[in-house]
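Trainee: Can we walk through this model together? I'd like to start with the pocket.

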Amino acid sequence: MKNSMQGAAARLAITVGMAAIVQATPASAQSLTFGQAVERAEGDAPSVEARSEQAAAARRSAVAADQLPDPTIDLDFNDFRLTQAPPVTPNGYVRQTIGVRQEFPNLKKRHARADRAAADITAADAREAVAVREARLGAALAWVDLYFAQKRLDILAKLESDIGDLQKTMGARLASGSATGAEAFDPDILAAKLADRRSEREAAISKARAELRRWTGIAAPQVAGPPPATEIDSTALAARIDTLPKLRVRDAAIGQAQADVRLARAEKHPDWALKASFAHRQPQFGNFVSIGVSIDLPLFAGKRQDPVIDARLGDEQAARLERIDAERQARAALSTDLADYRMRREQYDRARDQLVPLSKKRAVVAQESYAAGRLDLGAALNQTIALADAEIDLLEREAALKRAAVQILFAYTGDAK
């Protein structure tokens, strides 16, 4: 029996030691406050950098959007002799011609191309804003998850310490006959169960740290400082719904569709081209210069340009409907998230103000009763575990509340303090 108690005590000591090791800061670790993690994700996330590059590419492309096409040059060698018949030109002379051609798209088309390029820039900027918001939200949630995962492990370590204190009295209780031999196995059983829970918490810490590493690029991120506040102004959020980046993406899509409509309509206006050439012939015939203009004839628009215009108008209407649908989704999601937040707030307040204080009182009474010999070890351990479970449940509720608040603040405003 003595060996059994010594083995349980050793396992408890190892458990506390491993918990301390898990929480120790590695040499390569870097501590991050909540705000630092969010800012780091905004500046270093590859997804944000990719969208930023796309926005820069759209700006570079816009420079050439309404420029004239490149001119073309023509080199001709005419009147090569192919047979023995008398040549067309005296003495078989080959005529050389060099010409330049410049196309001039109509102004409506050029302006429409410029409008399309501007709409592309707006769309790229909006997609970059979406990427920034996703990166900030991802880092924020990962920080919160890591913070509370470590707090849960702290509670388990304290529970193991409390159980060790109770176990120290087992020898005296066995000697006095106030405890049975079967009760001596309770700490061993409890230690095994706590080891399972500790493994779950350590896995949760590893997962949260991996997610935070993804967004911040830090090899071994550690949390520092308090979690963010959770106060939310639902009226202000609803008033700013139109400024959401994902709705700005839809607005940009409408602008792109409108530019496509203007571009399709511009096809009904003729383009023209100017060409000039110089022809070198035999000296007795002299050299020649030619100048000409060619003009497109957009005939039969009913079967050529008009169907394309109708198609682009359909695209524009679809973009407008998608924008309406996206706004409805955003408002419905906000209402749902606010309802979830209110529920989490009520649950957290109830646990903080009622469940945990009552569990503490019950655990104190149980320990006093155990010390006085009026309660067996198993019952005392159960009350100690119940208190730890209540404290862990409080942390779970606080974590859920913080997550809900962060989700709302970053999804609908992009900021949290």
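Mentor: We'll take the pocket, then a helix, then the sheet. This is a predicted model: local features need pLDDT of at least 70, side-chain atom pairs count only at pLDDT 80 or more, and totals for chains, interfaces and linings use all residues. Residues are numbered from 1 along each chain as its sequence is written, and side-chain values use heavy atoms, without hydrogens and water.

Trainee: Which residues line the largest pocket?

Mentor: Val-130, Arg-133, Glu-134, Leu-137, Leu-244, Pro-245, Lys-246 and Ala-411. A pocket is an open set of points on a 1 Å grid over the protein atoms alone, where a 1.4 Å probe fits, with protein on both sides within 12 Å along at least five of seven lines; lining residues have an atom within 4 Å of a point.

Trainee: Which helix gives the largest share of that lining?

Mentor: H4, with four residues. Helices are DSSP runs of H or I, at least four residues, and strands are runs of E, at least two, numbered from the N terminus.

Trainee: Switching to H8. Why does its length make sense?

Mentor: At 1.5 Å a residue, its 22 residues should span 32 Å, and the end C-alpha atoms are 31 Å apart, so the two agree. The expected span is 1.5 Å times one less than the number of residues.

Trainee: And the sheet, what's the strand order?

Mentor: E2-E3-E5-E6, an open sheet with antiparallel pairing. E2 (72–78) and E6 (288–295) are the edge strands. Two strands pair if DSSP finds at least two bridges between them.

Trainee: How many bridges join E5 to E6?

Mentor: Eight. Among the partners, Ser-277 bridges to Ser-290 in E6.
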